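Please read them beside the model.

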Amino acid sequence: MADQGALAARPGRRRSWSWLGLIPFFLFAILFIGLPISYLVLGSFQGLDGNPTLQNYAELSSPTITNAFATSIEVSLVTAIVGGFFGFLLAYAVILGGLPKVLRDALMTFSGVASNFAGVPLALAFIFTLGQLGVLTLWLRGLGINLYASDFTIYSKLGLEVVYLYFQFPLMVLIIAPAIDGLRPEWREAAENMGASSWEYWQRVALPILAPTLIGTMILLFGNAFGAQATAYQLTSGQIPLVPLLIGNQISGDVLHNPGLGYAMAMGMVIIMAGSIAVYTVLQRRAERWRR
Amino acid sequence: MRRRRGRVAWWLVFLIGVLYFVLPLYATFVFSLKAKPAFSAYADALSDPLFAQSLGYSMVVGIVTIFASLALIVPTAYWVQLRVPRARSLVEFVTLLPFVIPAVVLVFGLIRVYSRPPLPFTHTDLGSTFLLVAGYVVLSLPYMYRAVDAGLRAIDIRSLTEAAQSMGAGWITIILRIILPNLRVALLSGAFLTLAIVVGEFTIASFLARPAFGPYLNLLSGYEVYQPAAVALISFGLTWLAMIAIAVIGRGTRVRVQIGGAR
């Protein structure tokens, strides 16, 4: 009887002690994520005089800042959609397009490299390719095509989008490949047996199954581009107003002349990232249904 | 007939993709060769003492980051799985926070909190480097935790732990001699991904004014013409090496760690 009491009491006591094992992890998280972010949150609700206010969030509607958000969102959206679409085509080509299997392995490994090859060296590589004296620019000029006769420069918004695609494509390839693998050949055969055309199969079977993953991954790509700072900094040295660049300027010197406004802007960035990750998670869960 | 035409179209898609991926690298290479005599851009880059110093600094920071990250994550993931499964979703949530907090926002907060009393870390080199490592450990949380967690699920840690305990092993022995060796693939993959990301990282390093490889390349591009092309290619080569290492280590297993995210 006494033994049983001890046994019954044990799990409870053990559980409460067990939480202590997680202290290092949570302490680290509090010190290096919690504290810095709380600082920004609190600061964003503080006016120049130090009193609590919502003024900073109201000032986010000033032209400089709305412009930065609009540009950032546009660049992220365009590269997410274009990168997502072509990344999907590329992954589909090597998985179900009848290409040799070697190409698939090569593409997957390369995608691992390219999706992590971002920042300063990536921006430089594109400057050497499509900059005013870039190798490709000069070749094309030799062929009679002068890129820089039009409005194009690699330092423009369009140029930035071309550069961002270099890490957007491969990320799409990596994430969408398992979903394409999950398209069972039986589904296609069943559809064809019932007289469906290729188009009908896509419209009625494949796309509805892939849609949550496709859209979800594009949202992930959106966040991926939205949070990137180094590539844009190296490429444009701040010429294009993007939110991460504006925040960067705010870190180095209070360019907005209002610390609180800088914090509010950082919060705006976190909120947009959080929103996109939340939607991604929901869609991912929905996509899981077809996985087994 | 229709199938064949389809295949031609897929080849076309593939070739366009290859062209887009290869052109910038090839152009960078061609550009780097414009320095006369041939390959002098590489010779100059490699003989620049700052090159070795910054690359060395970033490598050391990367290695410290890997060990710090593992020391934090392995015991935590192990403990969550074995003793406090109820904490799993909370721990997972924390490890995914870096997806929501961009590096530029993280370093913003870190600098504001740790640049004044009572915690004036940024006033000393060592303090700033410490903050840099802390920032990188945060960046590594999502994929490191996933890798370790997946690795732990693949082995029966409860039986292993009980067997070790019945033979008198303590917690430290269990983690170092039983759990870690069984997680080899996951740990090494995570480690190489961390290295690939940390060595070229720019945002956090530059705001903390660290003499790291990313900021070095950025500075170099301001005053040299061909050398940066050489260094950019070397940097790409390093990423390549890390990814090949991951592919080789992970061959034949289901652990897939590849995605670090953009910068």
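1. A working definition comes first. Two residues are in contact if their C-beta atoms, placed from the backbone, lie within 7 Å. Keep in mind that this is a predicted model.

2. Start with the contact between H6(A) and H12(B). On the chain A side, A:Pro121, A:Leu124, A:Ala125 and A:Phe128 take part. They meet B:Pro228, B:Ala229, B:Ala232, B:Ser235 and B:Phe236.

3. The crossing is left-handed.

4. What does the whole interface look like by residue count? In total, 64 residues of chain B are in contact with 66 residues of chain A. Helix H1 of chain B, residues 2-32, gives the most to the chain B side, with 14 residues. That side has 46 nonpolar, 14 polar and four charged residues.

5. Within chain B, look at H7 (residues 157-166) and H8 (residues 171-182). They pack at an angle of about 130°, with axes 11 Å apart. That makes H7(B) oblique to H8(B). This crossing is right-handed.

6. Which residues make the contact of H7(B) with H8(B)? H7(B) supplies B:Ile157, B:Leu160, B:Thr161 and B:Ala164. H8(B) supplies B:Ile174, B:Ile178 and B:Ile179. The residues divide into six nonpolar, one polar and no charged.

Conventions. Residues are numbered from 1 along each chain as its sequence is written. Chains are lettered from A and ligands numbered from 1 in the order in which they are written. This is a predicted model: local features need pLDDT of at least 70, side-chain atom pairs count only at pLDDT 80 or more; totals for chains, interfaces and linings use all residues. A crossing is left-handed if the near helix is turned anticlockwise from the far one by less than a right angle, and right-handed if clockwise. Helices (H or I, at least four residues) and strands (E, at least two) are DSSP runs, numbered from the N terminus. Ala, Val, Leu, Ile, Met, Phe, Trp, Tyr, Cys and Pro count as nonpolar, Asp, Glu, Lys and Arg as charged, and the others, Gly among them, as polar. Axes are lines fitted to C-alpha atoms, for helices over the stretch in contact, and angles run from 0 to 180 degrees between N-to-C directions. Angles under 35 degrees count as roughly parallel, over 145 as roughly antiparallel, 65 to 115 as roughly perpendicular and the rest as oblique.
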